[in-house]
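Visitor: Hi, I have a few quick questions about this one. Can we look at it together?

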Amino acid sequence: MLVLGIESSCDETAVALLEAAAGEVQPRVLSSVISTQIPLHRMYGGVIPELASRNHSSNLPVVLREALEKAGRSIHEVDVFASTAGPGLVAALLVGNTAAKALALAAKKPFVAVNHLEGHMLSPFITRPQGLVPHLSLVVSGGHTLLVDVRGVSNYTLMGRSLDDAAGEAFDKVAKMLDLPYPGGPEIDKRAEQGDPERFRLPRPMMHENHLNFSFSGLKTAVLYTLPKLTPSGNPNDLPEQTLCDLCAGVRQAIIDVLLHKAMKALRKSGHKVLAVSGGVSCNSALRAQLAARCERARVELVLPPNSLTTDNAAMIAYAGMLRAQHGDFSPLETPVDPNLKLAGMQTRA
Ligand code: KG4
Ligand code: ZN
């Protein structure tokens with residue numbers, strides 16, 4: 001089965017081709033092309049939906065051609081077309097989604113509407129030789145922080161989520177406060193490498209509460225109150241470089257501590273022995289290293305996507321599309337995009 005996936009929910013235009021023979025659990029990623037608009041949106045400090053949509057329209061034909069060329073395949077060989085249907089920016093979603101539907105219609109091949117979050121959630125298994133198994137999933141992206149008990153495709157139980165800012169959003173908002181470029185995660189990560197995480201003891205909200213929900217919005221408030229104590233002007237650009245690095249290290253460690261603590265608690269509660277971590281924040285090197293150490297101690301298998309598949313990409317959309325297609329779970333072409341799309345099959349655990 002050859003699947004072509006398209007992702008355009010935010011500021012990345014991406015196309016990927018994945019192939020798996022019947023009975024094969026690990027697909028081959030024939031190509032995964034990503035055209036990022038980050039430099040374009042950076043000057044506005046965040047994503048401008050209208051600009052994102054226009055750029056998806058002009059980028060998509062180029063990205064599509066490149067993905068087919070890299071894979072060495074023609075559009076006529078594709079068996080299934082998959083695209084992100086939500087959540088995301090509606091005008092951005094429409095570009096990739098309409099293109100995938102048009103291609104499916106012209107080629108008389110089935111279409112699968114994929115939930116972006118499901119794409120992230122299942123992405124760690126693209127490169128796992130034994131394929132997808134029941135596991136605990138920790139999704140840490142710019143828009144979501146979720147702990148999900150995954151028993152199979154479309155068999156999801158929500159165990160915890162952020163009640164305010166997502167982990168990536170916390171990185172981005174703190175970075176903005178420190179006058180660092182968008183997106184803030186990699187900027188804070190880079191400076192944190194040179195910093196002392198113990199110098200500023202920042203709060204770890206909800207860490208020791210019994211439930212599995214998260215709250216990260218207090219972190220930006222804590223940084224807001226810390227800044228004027230460090231420089232009379234309150235201007236982050238007046239901070240000595242080492243102070244900035246120490247602050248970044250403190251923020252990064254506060255987020256990691258909460259994620260680790262809740263993930264280990266959710267593992268004990270769910271009984272799973274496999275932890276999959278996905279989403280843009282999962283490419284954070286310190287998070288990866290600390291997760292690996294904790295999982296080894298707890299004899300838990302840690303499944304991470306390669307760095308290239310952590311932030312938005314189309315291979316994860318093609319993979320989720322492939323798993324659905326293998327179950328004969330196709331979507332009618334009338335399926336609308338939905339900026340607030342909920343995960344199909346998601347139950348909430350009380
Ligand atoms: O999954 P993603 O590409 O988009 C969403 O679906 O939201 O995640 C983007 C998020 C941004 O908030 C970005 O700051 C964060 O991932 N991120 C990181 C790192 N690289 C990207 N956060 C922490 N450390 C990183 N190295
Ligand atoms: Zn994403």
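Visitor: Which residue stands opposite leucine 275 in S9?
Guide: Leucine 136 does. Keep in mind that this is a predicted model.

Visitor: How many bridges join strand S6 to S9?
Guide: Four. S6 covers residues 135–140, and the two strands run parallel.

Visitor: And how do S9 and S10 pair?
Guide: In the parallel sense, over three bridges. One pairing to look at is valine 274, whose bridge partner in S10 is glutamate 301.

Visitor: What does the chain cross through from S9 to S10?
Guide: Helix H9, residues 285–297. This β-α-β crossover is right-handed.

Visitor: How many residues of S9 are buried?
Guide: Five of its five. The strand spans residues 274–278.

Visitor: Which residues sit on which side of S9?
Guide: Val274, Ala276 and Ser278 are on one side. Leu275 and Val277 are on the other, and both faces are covered. In a regular strand, side chains alternate between the two faces of the sheet.

Visitor: New topic. What coordinates the zinc ion, ligand 2?
Guide: His116 and His120, each through NE2, and Asp312 through OD. The distances are 2.0 to 2.1 Å.

Visitor: Why is the arrangement tetrahedral?
Guide: Because the four donor atoms subtend angles of 95 to 127° around the zinc ion. Four donors count as tetrahedral if all angles lie between 85 and 135 degrees.

Visitor: What spacing do the donors follow along the chain?
Guide: H-x3-H-x191-D. Histidine 120 lies in helix H4, while aspartate 312 is in the loop between strand S10 and H10, so the pair ties together parts that are 192 residues apart in sequence.

Visitor: Are those two buried or exposed?
Guide: Histidine 120 is buried, with a relative accessible area of 1%. Aspartate 312 is at 14%, so it counts as buried too. The cut-off is under 20%.

Visitor: How many aromatic pairs does the count come to?
Guide: One. It joins phenylalanine 214 and phenylalanine 216. Their ring centres are 5.9 Å apart and their planes are at 15°, so the pair is stacked.

Visitor: Is phenylalanine 214 buried or exposed?
Guide: Buried, at 0% relative accessibility. Phenylalanine 216 is at 2% and also counts as buried.

Visitor: Last stop. Where is proline 336?
Guide: In the loop between helix H10 and strand S11. At 57% relative accessibility, proline 336 counts as exposed.

Visitor: What is proline 336 in contact with, leaving aside its neighbours within four places in sequence?
Guide: Ala85 and Lys101. Proline 336 and alanine 85 are 251 residues apart along the chain, yet their C-alpha atoms are separated by 7.1 Å.

Definitions and conventions
Residues are numbered from 1 along each chain as its sequence is written. Chains are lettered from A and ligands numbered from 1 in the order in which they are written. This is a predicted model: local features need pLDDT of at least 70, side-chain atom pairs count only at pLDDT 80 or more; totals for chains, interfaces and linings use all residues. Side-chain values use heavy atoms; hydrogens and water are left out. Buried means under 20% relative accessible area, exposed over 50%, partly exposed in between (1.4 Å probe, protein chains only). Contact means heavy atoms within 4.5 Å. Donors are N, O and S atoms within 2.8 Å of the metal (3.2 Å for Na, K and Ca); water is not among the atoms, so sites may look incomplete. Four donors count as tetrahedral if all angles lie between 85 and 135 degrees; four count as square planar and six as octahedral if opposite donors are over 155 degrees apart and all others between 65 and 115; anything else is irregular. Rings of Phe, Tyr and Trp (its six-membered ring) pair if their centres lie within 6.5 Å; planes under 30 degrees apart count as stacked, over 60 as edge-to-face and the rest as tilted. Two strands pair if DSSP finds at least two bridges between them. A crossover is right-handed if, with the strands pointing away from the viewer, the path from the first strand over the helix to the second runs clockwise.
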